[in-house]
Amino acid sequence: MKRPANHLMTTFLALSLAGPSVAQSSPAAEGAPWLAADSAARTATITLEVTAPAGSPSALINGYREGGVQVVVPLRWTVTWNWISADSAGKHSLVLMAEREKLPLEGGRPAFTNAMTRSVTAGLPGGQADATTFEAEEAGWFWLLCGVPEHALAGEWIGVRVDPDASMPAIKVRTPPVSP
C-alpha cells in the first residue's frame, strides 16, 4: 500500500534529522551519512536526494552523476531507499536496472521487485518523495538511474553492486561529488 506523499516527506525528514539508528554500521557507511546498515537484520537503508545545481549538465543523485559513486550491498540483504526530488524545475524518478552494454533511453523493468519509485517514466515533481523496499536477491552490477526519458543518458545515474562476498554495505566513490 502506498502512503500519501506528505507522510513520505515527514518520514524522509525524520530520517534525515534523526540520523541512522543501527545495530552495527560499517566504517564505509559511517563515512556516508546517507547509508545506514543493520548487520543483525541484514538491512541497508539509503537516503537519496535528486538536486539540480546551476551549471550542472544534469541533475545529481546525492551529489553524484555518471556513476561517480557506487553503493555496494551484500547479496540477499533487504534494501530500503527513502528518496526526495529537490529539483523544482524538473521531474525525476529512480529505478534499479541491470547494467547492460549501454544506458537505456528511459526507465524500464526494475532488476528486483519494488526497486523503483512511483511514476518511473513520468517522474515526480520537486518536493515529492517516495520510499521502497526490496531484496537484493541476485549478485551483479546495476544502475540506479532516473527513469524519465533521456535523463539517465544525460548522466543521472549511480552504480549499485550486489556483492556475494560483501559482509556490510559500503559506498565506493569513483569521482568527487559535484559542487553546488
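I began with the order of elements, which along the sequence reads α-α-β-β-β-β-β-β-β-β-β-β, and I counted two helices and 10 strands in the protein, where helices (H or I, at least four residues) and strands (E, at least two) are DSSP runs numbered from the N terminus. I note that this is a predicted model, in which local features need pLDDT of at least 70 and side-chain atom pairs count only at pLDDT 80 or more, while totals for chains, interfaces and linings use all residues. Residues are numbered from 1 along each chain as its sequence is written, and side-chain values use heavy atoms, with hydrogens and water left out.

**Overall figures**

I looked up burial for the protein and found that buried residues make up 48% of its 180 residues; buried means under 20% relative accessible area, exposed over 50%, and partly exposed in between, with a 1.4 Å probe and protein chains only. The accessible surface comes to about 8,900 Å², of which 52% belongs to carbon and sulfur atoms, the areas coming from the Shrake-Rupley method with a 1.4 Å probe and, for residues, only the protein chains shown counting as cover. For contacts (heavy atoms within 4.5 Å) between residues at least 6 apart in sequence, I recorded that 72% join residues at least 24 apart.

**Open sheet**

I traced an open sheet of five strands in the order β6-β8-β9-β4-β10, with mixed pairing; two strands pair if DSSP finds at least two bridges between them. At its edges stand β6 and β10 (170-173), each with a single partner strand, so one side of each is left without a neighbour in the sheet. Neighbouring strands here are turned by 30 degrees against each other on average, direction ignored, the axes being lines fitted to C-alpha atoms. Within this sheet I followed β4 and β9, which pair in the parallel sense over five bridges, and saw that Pro74 stands opposite Asp163 in β9.

**Strand β5 and its partners**

I then turned to β5, where six of the eight residues are buried, so the strand is largely enclosed by the rest of the structure. Eight bridges join β2 to β5 in a parallel run, and the bridge partner of Leu48 in β5 is Trp83. On pairing with β7, I found β5 antiparallel over seven bridges, with Ala129 in β7 as the bridge partner of Ile84.

Leaving aside neighbours within four places in sequence, I listed the contacts of Trp81, among them Ile46, Leu48, Leu94, Met116, Asp130, Phe134 and Leu144.

**Ala111**

Last, I checked Ala111, which lies in the loop between β6 (95-98) and β7 (129-135) and is partly exposed, with a relative accessible area of 29%. Not counting residues up to four places away in sequence, Ala111 touches Leu96, Met97, Ala98 and Phe142. I also noted that Ala111 and Trp143 are 32 residues apart in sequence and 9.4 Å apart in space, C-alpha to C-alpha.

How values were computed
Axes fitted to C-alpha atoms, helices over the stretch in contact; angles between N-to-C directions.
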